[in-house]
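Me: Can you walk me through this one? I'd like to start with a helix and go from there.

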Amino acid sequence: MESLALLIPLSVALVFLIGWIFWRALEGGQFDDLERPAHDILMDDDK
Amino acid sequence: MARTIVAAGFEKYYEARAAAGVRPELLPPAEVYDDPLAQREFVAAPGEHVREATLILDRIRCAACLWLNEQALRRVPGVLRADVNFTTQRASIAWDPRVTRLSTIVAAIRAVGYDAYPFDPRRGDALARRERRRALWRLFVAGFGALQVMMYAWPAYVDAGAGTLSEQAAALMRWASLVITTPVLVFSCGPFFRGAWQDAKRRRISLDTPIALGLAAGFAASAWATLAGTGEVYFDSIAMLAFLLLGARTAELFARQRAGRELDRLARWMPSSALRLRGGTEERVPAHALAAGDRVRVAAGERVPADGVLEEGASSADESLLTGESRPVAKRAGAALVGGSVNLEQPLVMRVTRAGADTRAAAIGRLVERAAAARPALVERADRLARLLTHVVIVTAALAWALSGNVWIAVAVLVATCPCALALAAPIVLTRAGAQLLARGAALTRSRALETLDRATDVVLDKTGTLTQGGPAIARVATFAGADDAGCRMLAAALESSSTHPLARAFHDRRVGQRPTVRELRNEAGQGVEARVDGRLVRIGAQRFCAALAGSPAPETHAQVYLAAQGRWLAAFFIEDALRPEAEGVVRELAARGLRLHLVSGDDPAIVGALAARLGIGHWTGGATPQDKLDYVARLQAAGHVVAMVGDGLNDAPVLARADASVAMGAGADAAQLQADAVLTADRLGALQDLLEISRRAMRLVRQNLGWALAYNALALPAAALGWIGPWEAALGMSASSFIVVLNALRPLARKGQWKASPSSSPSRSLSYS
């Protein structure tokens with residue numbers, strides 16, 4: 001039970017870390033065009 | 001690098017959290033919009049003292065903002081007209097330049113807490129991207145937060161009463177929940193609070209108000225319980241509620257942007273620069289700097305930067321963006337080029353006749369922008385109902401709280417019955433219908449027409465220029481001495497290609513074909529054309545002119561144009577105002593739809609009667625004056641019929657205005673197009689079918705959406721008020737109803753098999769069909 005005192009704050013920190021990673025991906029343009037990747041697979045360029 | 005991004009991002013975070021309105025110091029001064037040079041791109045001057053422009057509105061959240069912006073704009077002295085569209089977030093305004101300036105109008109919008117930019121496609125793009133990123137980020141924070149908070153809540157639910165969970169552990173989890181729920185509420189739910197606050201300051205209620213009240217009440221009660229260490233906490237409900245609400249809102253944003261993008265293609269028809277030829281040198285200039293009279297070189301594969309006339313070179317053009325017709329159109333010297341079409345084969349030189357805002361593409365664009373201004377009556381009623389319902393919801397929630405003493409019932413009522421779905425029901429459908437019609441060659445200039453076209457019982461057709469081509473065409477070819485029909489047509493087309501005689505137009509076939517090479521072309525004014533083809537001398541034109549070459553009297557004397565070679569007759573062409581090739585099919589289709597058809601024309605009754613009989617149109621009138629046409633439509637309307645009028649030409653303008661729904665042919669006079677609810681830009685009658693079909697389906701979707709939203713609210717309000725559903729169920733229900741409405745609005749509007757892939761030359765990156 002004592003481990004909870006450590007694990008819960010750790011999980012809160014983790015939430016913020018993951019949030020920050022997602023934010024970087026977002027600002028990097030990862031999610032700007034959600035439709036294109038679905039079409040890309042149909043138009044492969046490698047002959 | 002990462003640090004810089006984070007710093008920049010956090011700056012946005014605090015801006016989003018703290019600032020309720022716009023921060024004026026970050027905005028460019030509105031005065032820049034008064035610069036006449038800058039205005040050339042986005043301001044139209046339909047009258048001496050009238051200026052029109054389209055503004056992109058920023059920070060619009062719901063249908064109530066639309067109303068507020070309209071009111072704010074209309075109160076500016078000198079503003080003649082102001083209409084705001086929710087789906088495209090654009091305001092279409094007209095003002096008197098003697099009384100006010102554009103900067104004053106923009107300042108009025110900023111004063112009520114919004115911002116406006118003159119419509120510039122590239123700027124709109126960046127705006128849309130930022131909006132999309134923000135929405136996803138908010139959704140992620142809420143979703144991830146909800147997930148985590150639910151894990152902290154789980155032990156408390158499982159433990160309930162068993163006492164195995166220590167007091168400290170439970171308190172720790174509550175505090176962790178509070179820490180994670182706070183950014184969810186403050187950041188993710190920011191738009192709800194900002195919207196509600198803006199409206200509260202103006203003593204009004206919007207769709208955001210009940211949501212903001214519900215979230216705030218729930219959070220305050222839970223936070224108090226955590227701080228005090230006693231009572232129930234519902235952080236999990238709040239975080240999940242925020243996630244579901246944002247999910248619906250994000251879906252709506254994406255659908256809205258998608259619909260808006262379809263319309264944006266219009267604005268992007270024009271390339272941004274052009275290669276101007278001046279005194280033997282070439283110079284790259286912005287397309288809007290072109291003026292009538294300039295000579296421009298257009299490379300193969302490039303877009304034509306303005307309307308003009310081809311001077312050098314021969315090529316073909318893809319005009320599909322403008323007309324919906326994907327077949328290439330052959331272009332030779334003297335041919336008209338439409339701005340926005342694509343030069344397909346050879347480089348060419350053109351002389352500009354109309355540039356910038358005067359081009360045909362720009363004019364159609366403005367008509368379509370205006371379409372949103374006149375919304376169907378059904379939609380107007382739905383909007384009023386949504387506003388009324390918001391008040392009812394808040395009163396019900398207050399009563400439920402007062403009577404039950406349980407804040408969670410009030411939260412459920414506020415969230416479950418927010419009439420968001422009602423406000424969402426129509427705008428997306430209407431915008432999509434407009435965009436899809438445009439892709440099929442019909443520009444909707446008033447979306448109100450969708451409703452009347454759907455209800456139309458009678459279609460009144462004009463003859464000249466509507467059912468017929470409105471210009472000379474080859475009706476029949478008589479060939480002599482074994483000459484072959486196709487060869488004669490080709491030869492005639494080659495000979496007449498540079499002729500300016502009115503009848504020569506009949507030979508200007510738009511299709512690309514292999515034509516014989518013509519040498520020594522000689523134009524005999526009023527007589528015809530003589531030339532040498534494959535070494536043989538041939539003539540085309542008047543009977544006597546050709547007889548001189550053929551050396552014998554013509555074997556056929558009633559034709560209008562003859563073709564002869566040395567010593568023999570080749571063919572005789574019967575020219576008349578021919579029926580459009582698709583007319584018969586369209587008329588059959590309309591009749592099959594159960595529409596009563598009427599043919600009303602100013603032409604000779606005998607001709608009109610014959611045509612009506614041939615097409616199977618039951619009701620017809622010939623020799624009608626414009627007044628007769630007007631009376632005819634008025635009589636039908638008096639008998640309770642809903643009349644759709646299809647016409648062209650100046651004569652039809654009054655009757656087009658009188659009819660319940662009116663459609664003008666694209667080649668018709670401009671006045672007719674301004675009166676009409678829809679313009680068939682392709683000048684192709686077949687687009688009329690698409691127009692009726694899409695109207696019917698669009699209105700069906702709108703009715704389904706409204707019906708669903710009303711039914712949902714009618715069930716949810718009493719259920720929530722009686723405490724049958726908890727806050728998270730309320731959020732699920734409200735989000736699901738919004739989702740369903742948005743998804744339904746995205747259903748196909750046209751029949752299967754009618755889909756046309758967007759042309760490969762299309763600048764749009766999206767490959768989707770809708």
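Me: What should the 21 residues of helix α8 in chain B span, and what is the distance between the end C-alpha atoms?
Reply: Bear in mind it's a predicted model. Helix α8 of chain B covers residues 208-228, and at 1.5 Å a residue it should span 30 Å; its end C-alpha atoms sit 30 Å apart, so the two agree.

Me: OK, and which residues of α8(B) are buried?
Reply: Among them are Asp208(B), Thr209(B), Pro210(B), Ile211(B) and Ala212(B), along with Gly218(B), Phe219(B) and Ser222(B).

Me: Switching to cores. Which residues have the most contacts inside the largest nonpolar core?
Reply: Ala242(B) and Val413(B), in a core of 141 residues. Helix α25 of chain B, residues 687-721, gives the largest share of this core, with 15 residues.

Me: And what does Ala242(B) touch, leaving out residues up to four places away in sequence?
Reply: Ala142(B), Val184(B), Leu185(B), Ser188(B), Cys189(B) and Leu215(B). That last one, Leu215(B), is also a buried residue of α8(B).

Me: Now strands. In what order do the 3 strands of the open sheet in chain B come?
Reply: β11-β10-β13, with antiparallel pairing. Strand β10(B), residues 315-318, is joined to β11(B) by 3 bridges, and Ala317(B) stands opposite Val329(B).

Methods:
Residues are numbered from 1 along each chain as its sequence is written. Chains are lettered from A and ligands numbered from 1 in the order in which they are written. This is a predicted model: local features need pLDDT of at least 70, side-chain atom pairs count only at pLDDT 80 or more; totals for chains, interfaces and linings use all residues. Two strands pair if DSSP finds at least two bridges between them. Helices (H or I, at least four residues) and strands (E, at least two) are DSSP runs, numbered from the N terminus. The expected span of a helix is 1.5 Å times one less than its number of residues. A residue is buried if 20 or more other C-beta atoms lie within 10 Å of its own, exposed if 12 or fewer, and partly exposed in between; C-beta atoms are placed from the backbone. A nonpolar core is a set of buried Ala, Val, Leu, Ile, Met, Phe, Trp, Tyr and Cys residues joined through C-beta atoms within 7 Å. Two residues are in contact if their C-beta atoms, placed from the backbone, lie within 7 Å.
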